[in-house]
Amino acid sequence: MSFHTGLGWSALVVLPLLIAIGVGASRYAGLRHDKGIVTAALRAVVQLAAVGAVVGVALQHTIGALAFVLLMFVVATVTSTRRLRQTAVIPRLWMYCAAAIGSGAFAVLLLLILPGVVPRNPASILPMGGIIVGGAMTATTLAGRRVLSEYRNRFGEFEAGLSIGLMQPDAFKLVAGPVAGDALLPALDQTRTVGLVTLPGAFVGMVLGGASPVQAAALQLVVLIGLVAAEAIAILVVTELLSRAALPDGRTVGS
């Protein structure tokens with residue numbers, strides 16, 4: 001079986017068709033993401049074209065790779081903050097997102113890179129950084145939106161907790177904390193079903209690059225467990241910080 005990097009003319013037909021299918025499904029189901037699907041696809045085209053050139057430079061030096069990982073972290077923070085702000089306007093929200101994403105991602109990356117579990121070279125640091133930062137961002141966004149939505153839906157219970165003497169963090173976590181763990185389900189499911197339902201990118205990439213299946217499986221295991229750890233830390237931190245934030249009246253928190 002051969003693989004080639006050129007997409008060819010067929011991609012010019014299939015990719016727009018896939019976008020149209022996504023938009024059609026969103027519209028039919030009333031998901032309200034019609035425009036989002038189109039803009040996300042267009043942004044991906046532009047960003048990947050630009051990133052392809054930048055990554056080529058970043059892969060030449062370890063400092064360049066680390067700088068690019070920091071750029072990923074900044075973009076992840078902005079993205080997560082924007083998503084959570086759609087749910088509730090909270091002062092210093094960007095700081096909470098940065099703390100959650102950063103604590104999860106960088107703790108795991110340091111544990112993987114410093115002891116040499118992952119080779120200390122740009123070709124390893126850059127993709128591993130992107131995977132872990134991206135996972136921490138997703139977990140932060142999902143957990144933040146989930147707990148704020150639960151806070152809104154159970155605001156009466158939150159107020160009742162305060163009325164009987166609970167501190168705000170305790171009242172918040174009592175009503176909203178239990179749902180934060182839902183944000184970890186995608187990572188857990190991916191880890192549980194790896195090799196049975198999915199063959200993740202790190203495994204496939206290494207095998208196609210000539211590594212043995214055993215070597216590829218070992219690296220993929222590191223990636224999956226690292227993701228679970230990073231996302232668990234991010235969920236913990238964002239929940240704790242939101243529980244102590246200057247929360248708006250639950251009746252005014254948007255969906």
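Trainee: Where does H2 bend, and by how much?
Mentor: H2 bends by about 30° at Gly-52. Keep in mind that this is a predicted model.

Trainee: OK. And how far apart are the end C-alpha atoms of H2?
Mentor: They are 35 Å apart. Helix H2 covers residues 34–58, so that's 25 residues, and at 1.5 Å a residue it should span 36 Å, which agrees.

Trainee: Which residues of H2 are buried?
Mentor: Those are Asp-34, Val-55 and Ala-58.

Trainee: What covers them?
Mentor: The cover includes helix H1 (9–29), helix H3 (62–85) and helix H5 (122–153).

Trainee: Switching topic: how many salt bridges does the structure hold?
Mentor: There are 8 salt bridges in the structure. As background, side chains of opposite charge can pair when their charged atoms come close.

Trainee: Let's pick one. What does Glu-150 do with Arg-146?
Mentor: Their side chains form a salt bridge, at 3.5 Å from N to O. Both residues sit in helix H5, 4 residues apart, which is about one turn of the helix.

Trainee: Is Glu-150 buried or exposed?
Mentor: Glu-150 has a relative accessible area of 14%, so it's buried, as the cut-off for that is under 20%.

Trainee: And what about Arg-146, how does that one count?
Mentor: Arg-146 counts as partly exposed, because its relative accessibility is 33%.

Trainee: Which residue does Arg-146 meet in a salt bridge at 3.3 Å?
Mentor: That's Asp-182, with the 3.3 Å taken from N to O. This pair links distant parts of the chain, 36 residues apart: Arg-146 is in helix H5, while Asp-182 is in the loop between helix H8 (177–180) and helix H9 (185–193).

Trainee: How does Asp-182 count for accessibility?
Mentor: Asp-182 is partly exposed, at 35% relative accessibility.

Trainee: Back to Glu-150. What does Arg-154 form with Glu-150?
Mentor: A salt bridge, where the closest N and O atoms are 3.5 Å apart. Arg-154 itself is partly exposed, with a relative accessible area of 24%.

Trainee: Which residues are linked in a network of salt bridges, then?
Mentor: The network links Arg-146, Glu-150, Arg-154, Glu-157 and Asp-182.

How values were computed:
Residues are numbered from 1 along each chain as its sequence is written. This is a predicted model: local features need pLDDT of at least 70, side-chain atom pairs count only at pLDDT 80 or more; totals for chains, interfaces and linings use all residues. Side-chain values use heavy atoms; hydrogens and water are left out. Helices (H or I, at least four residues) and strands (E, at least two) are DSSP runs, numbered from the N terminus. The expected span of a helix is 1.5 Å times one less than its number of residues. The bend at a residue is the angle between axes fitted to the seven residues ending there and the seven starting there. Buried means under 20% relative accessible area, exposed over 50%, partly exposed in between (1.4 Å probe, protein chains only). Contact means heavy atoms within 4.5 Å. A salt bridge is a side-chain nitrogen of Lys or Arg within 4 Å of a carboxyl oxygen of Asp or Glu.
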